[in-house]
Amino acid sequence: MGSNYTFVFTRELKRIFTDSGVMLIFFIATLAYPLIYKAMYYNERIEDIPVAVVDLSQSSDSREFLHKWNAAPDVKLTHTCASMAEAEALLKDQKVHGIIFFPKDFAAQLADPLGQAHISLYCDMSSFLYMKGIYLSCNQVMLESMRNIQIDRYEDMGMDKEFAWALVQDAPYHETALFTPTGGYGSFLIPAVLMLILHQTMLFGICMLAGTAREENKVIYRTVGKHRSFGVLHMVVGRALAYFVIYYALAAILVGFFPRLFDLPHIGDIGDILRFNVPYILACIGFSLCVSLVIRNRESGLVLLISTSLIFIFLAGVSWPKEMMPEIWRLAACLLPYTFGVHGFIHINSMGATLEQVEWEYVALWQQALWYFAIYYIVMYISSRRQEKIANSQKLTANSSFEERVFES
Amino acid sequence: MKRELKQMFARPLYIVASVGVMAFSTIFFLSLLKKGSAEEMPVAVVDMDQSTISQRLIHEMQATPSVDIQLVTNSYPEARDAMQKGQIYGIFLIHEGFYRDLVSFKRPQLDFYMTNSYTVGGNTAYKQMLTMANLVSGAFQREVLRKKGLPDDVIMHRIQPLAVDGHMIANPWGNYSVYLVSTILPGILGLVCMMLTIFVIGYELKMKTAHQWMAMSGNNFTIAILGKLTPYTILYLLLGIGCHMALYDYVGFPVHGSHVRLMFGLLLFIFSMEALGVLMITLLPALRDALSIGALYAMLGFSLSGFTYPNMSMLAPVKALSYLEPLRHYYLIYVNEALMGAPAMNSMPFALALLGFVLVALLASPRLKEVLINDRQFEQQ
């Protein structure tokens, strides 16, 4: 019996390694994509966002503010404009992505002990990262300047300097980005993309293999030999094992070593990651096999499913918080191995969780693997029976012919 | 062309892959991002102080719309554990003796922690915790000044002598749906157009029927390709118009420039993606290779267009590559027309770039003609 598993297993490997399309997707895409993504997000954070200045107050206060702000890495004050119209034109030409405006009475309001000075800030919303960089850095400078002004004003009221200082800084705060303190956009997105690459290349590749088998009308994906039920089991296990061997190795490279090699977050325990990968890869295989049941020919899968990559990364709740998703999509997300896989991986790899802490995801993936394999097995079992009936009615010597065709291929 | 119409309706793939995928994507993204901004992001408060002031702080924080306190505990490890399990995005920590130290001017420290691993959730939590930390300070100053007998309006200006008024151009709500869907949805449409274009031409090659198709057109390449692609192009353009109307008329995303020019940009983008499809099958005259390479290439367009991570911060070679992605040019037209209301001239270079893709495909077409006539010589692996 064991030889049957080995037979299906080696035959599937042969099919994979002799199919250039599948090889391209399984190996080239899987290994090249992470590198391309790393290159795209190499700089991690955006620095020196060009900003135009419109300073009607022309005061030492505004100049000091601008000087401090320009020192922040996020922005660069590239243009000084005489009017808002001039600055707006620069913005429309995309020469700058923000405008800071000081009104005429800026210094006067600051000098007035009861005054409140205003600064207007305009942000280009074409990328939210512009807004974030401009807004947060300006806010930091504003808070710092404000404290100095407050201290001055309290002193003017007759408080002694130390008390004024203590009052203004009555509860200083300290902010910490946990786990990945220096992480930028790439550190956030690439770990999620790595798991998606595994999920999607496997889905496309398996659909391609299944589509090819359908086109060539091979019986091999239907049934093996005369012991029908055993045959289906052999087939499912043998094939799954072939994918597992390949993808477990790919996953080890991608999510195990890639982050360590290319300076991405990797504070998790590598053993935990490798253990977590087992149910993830299995669930992905089961999921892909089930999807491949409806694929009629080798290319249609890619045409139909290519846009799912974007849909899945949102559905899983990575780009957009899961808490904000409508209930129906949150439920739909539970059908996807990627949902549990990506969160589990991010928690272990980027946030240093242990395998016990991702138990929820880990167990969910095992359950998915079980369900998807069960569904695939049942469908295959039924279709192999139907096939046999047809074969019998055509008065073919069904069993022997099946066997012959299988072993010929 | 008649032959093509028959084929188009004979196989459900074409309709499902174009109309079905677009309809689903539209509904999916618009409903998923319906709320637009992140609200009620779960956070934890570690209250080691258990004082009236920490109670009030928790109460006030809970009242804000952007965060939702999921966990109040006096153990930091417990909160950290919740964060590692993905249950919360931020931790606000009030140390023991905070109240006592505050009233005796010992300047107790507040700590807060957020995660960078989930950008939207982490950021939203961060902003709110930052605001809270500043509010605590402001509230205490107000109390002290009140005790000194100052009237409230005077106090207000003492505490807040400087204010920054933020203006978010064209998207004053900071709405993520407006921001993301405007580029993702046209991007998916372009992807679908390219893949199907590769498919309809490549399928003829695969089935070795391309020479018949050419023969039917009297071996006139222009007639053949026009006859083949016209029905699909009409379908794609209708989808493009539908997509534009769904976003800007039905849902009502703002357009500060010209509706017509924005839609025209989308249609040009569709043409250029179709041309890219033709180019792919010309250069790789095997259906499977053209589809795989085409898919890998077009998927990069979403990141390279620079609508999430700005193009300006990419490495020079990556930046150069981004100009080879039609989506990048459509995105820039979108920024000009929908967000900036910029003059038409600003979008011209990008419109020309989109036409450039069509031109390149035309220049390469003699080779495609050769491939189509001699389809039997091109062996499929």
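Strand β4 of chain A (residues 117-123) runs parallel to strand β5 of chain B (residues 162-168), to which it is joined by seven bridges; two strands are taken to pair if DSSP finds at least two bridges between them. Within this pairing, A:Ser120 stands opposite B:Asp165 of β5(B). Strands (E, at least two residues) and helices (H or I, at least four) are DSSP runs, numbered from the N terminus. The model is predicted: local features need pLDDT of at least 70 and side-chain atom pairs count only at pLDDT 80 or more, whereas totals for chains, interfaces and linings use all residues. Residues are numbered from 1 along each chain as its sequence is written, and chains are lettered from A and ligands numbered from 1 in the order in which they are written.

An open sheet of five strands also draws on both chains, in the order β5(A)-β4(B)-β3(B)-β1(B)-β2(B), with mixed pairing. On average, neighbouring strands are turned by 20° against each other, direction ignored. Six bridges link β5(A) in the parallel sense to strand β4 of chain B (residues 110-115), and A:Leu178 stands opposite B:Thr115 in β4(B). Helix α6 of chain B (residues 119-147) packs on the sheet, touching β5 of chain A as well as β1, β2, β3 and β4 of chain B. The direction of α6 makes about 170° with that of β4(B); axes are lines fitted to C-alpha atoms, for helices over the stretch in contact, and angles run from 0 to 180 degrees between N-to-C directions.

In total, 97 residues of chain B are in contact with 90 residues of chain A, contact requiring C-beta atoms, placed from the backbone, to lie within 7 Å. On the chain B side, helix α12 (residues 287-304) gives the most, with twelve residues.

B:Met41 lies in strand β1 of chain B (residues 41-47). This residue counts as buried because 27 C-beta neighbours lie inside 10 Å; the class needs 20 or more other C-beta atoms within 10 Å, while 12 or fewer make a residue exposed and values in between partly exposed, with C-beta atoms placed from the backbone. Residues touched by B:Met41 include A:Pro321, A:Glu323 and B:Tyr89.

In helix α11(B), 18 of the 25 residues are buried, so the helix is largely enclosed by the rest of the structure.

Methods
Two residues are in contact if their C-beta atoms, placed from the backbone, lie within 7 Å. Lists of a residue's contacts leave out its neighbours within four places in sequence.
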